[in-house]
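Subject: Structure for you to look at

Hello,

Here is the structure I promised to pass on. Please open it first, then read my notes beside it.

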Amino acid sequence: LEEGYNTIAASAVDFARNQSDPVHLVVQYMPPTTPNDHFKNAMPLEGVSGVVSAFNEFATKEYLEPFHGGNQGGRSVWYRWSPPGDGVLTLSTSSTNTTYDTLLGVYTGSVVTNLTTIAGNDDVGPGDSSSKVSLGVISGVEYTIAVDGFAGGGGDAELSYDFVAGEVRRLDTTAGANGRVTPESGDYASG
């Protein structure tokens, strides 16, 4: 496809070589300008701690992509990370080096349309539009992290990550028909 609008003509032909009138489709193609715009192109995070750019000005939202931090968003960038052992991973966006209201989502799974949500956050607190999560992580599991902008906001941001090794316990909870259990099922640092 050429960048911009493309017109595609499609018609059907049967075994008797009867052909339908063509139907014209107009498709707009915008090549990705953000390398980690799509889930399948998630940027690997190296080591146990660091800071990376979460620039999302030209990023998009994929078809059936989950809401991050409980908000639709619209400009997600993706990262992936596997812990070297069991422990706690803390992810945050800096309020000082960020120009948009960030959303965070952490997932497991291999396709964007069928992810399991592990953690998410919109705002750290009142008046602070940065995002932060701390979660128990298990060795050998690949976690995928999305940074998005609230209501499709975009610009410059930084994602920091920090892993601390330690014992992790699996907590399984079940709520009754009209109930809710806090915390929800998940992996948590021992103690």
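**Salt bridges**

The side chains of Glu-167 and Arg-169 form a salt bridge, with 2.8 Å from N to O. By salt bridge I mean a side-chain nitrogen of Lys or Arg within 4 Å of a carboxyl oxygen of Asp or Glu. Glu-167 is partly exposed, at 49% relative accessibility. Arg-169 is partly exposed too, at 48%. The cut-offs are these: buried is under 20% relative accessible area, exposed is over 50%, and partly exposed lies in between (1.4 Å probe, protein chains only).

Before we go on, note that this is a predicted model, where local features need pLDDT of at least 70, side-chain atom pairs count only at pLDDT 80 or more, and totals for chains, interfaces and linings use all residues. Residues are numbered from 1 along each chain as its sequence is written, and side-chain values use heavy atoms, leaving out hydrogens and water.

How many salt bridges does the structure hold? There are five. One of them joins Asp-172 to Arg-170, at 3.3 Å from N to O. Asp-172 is exposed, at 58% relative accessibility. Arg-170 is exposed as well, at 52%. Salt bridges also link Arg-170, Asp-172 and Asp-187 in a network.

Another salt bridge pairs Arg-180 with Glu-184. Their closest N and O atoms are 3.1 Å apart. Arg-180 is exposed, with a relative accessible area of 66%. Glu-184 is partly exposed, at 43%.

Now look at the strands. Helices (H or I, at least four residues) and strands (E, at least two) are DSSP runs, numbered from the N terminus. Two strands pair if DSSP finds at least two bridges between them.

Four strands make an open sheet in the order 4-11-6-9, with antiparallel pairing. Which strands are at the edges? They are strand 4 (49-53) and strand 9 (132-137), and each pairs on one side only. From one strand to the next, the twist averages 15°. For such angles, axes are lines fitted to C-alpha atoms (for helices, over the stretch in contact), and angles run from 0 to 180 degrees between N-to-C directions.

Five bridges hold the antiparallel pair of strand 4 and strand 11 (residues 158-165). You can trace this pair by its residues. Ser-49 stands opposite Asp-162 of strand 11. Ser-53 stands opposite Glu-158 of strand 11.

Strand 11 also pairs with strand 6 (residues 87-93). That pairing is antiparallel and has seven bridges. Here Val-88 has Val-164 of strand 11 as its bridge partner. A rule to keep in mind: in a regular strand, side chains alternate between the two faces of the sheet.

Strand 5 (residues 77-81) and strand 10 (residues 143-149) run antiparallel and are joined by five bridges. Trp-78 stands opposite Ala-146 of strand 10.

Start with Asn-56. Where is Asn-56 found? It sits in the loop between strand 4 and strand 5. Is Asn-56 buried or exposed? Asn-56 is buried, with a relative accessible area of 0%. Leaving aside neighbours within four places in sequence, Asn-56 is in contact (heavy atoms within 4.5 Å) with residues including Arg-75, Tyr-100, Asp-148 and Gly-154.

Next comes Ala-9, in strand 1 (residues 4-10). Ala-9 is exposed, with a relative accessible area of 52%. With neighbours within four places in sequence left aside, Ala-9 is in contact with Pro-22, Val-23 and His-24. Ala-9 and Leu-25 are 16 residues apart in sequence, and their C-alpha atoms are 6.4 Å apart in space.

**A nonpolar patch**

Leu-1, Ile-8, Val-23, Leu-25 and Tyr-29 make a nonpolar surface patch of about 460 Å². Patches take residues with over 30% relative accessible area and no salt bridge; like charges are joined within 9 Å, and nonpolar side chains (Val, Leu, Ile, Met, Phe, Trp, Tyr) within 5 Å. Strand 2 (residues 23-29) gives the largest share of this patch, three residues. Tyr-29 lies in strand 2. It is partly exposed, at 32% relative accessibility.

Best wishes

How values were computed: Accessible areas come from the Shrake-Rupley method with a 1.4 Å probe; for residues, only the protein chains shown count as cover.
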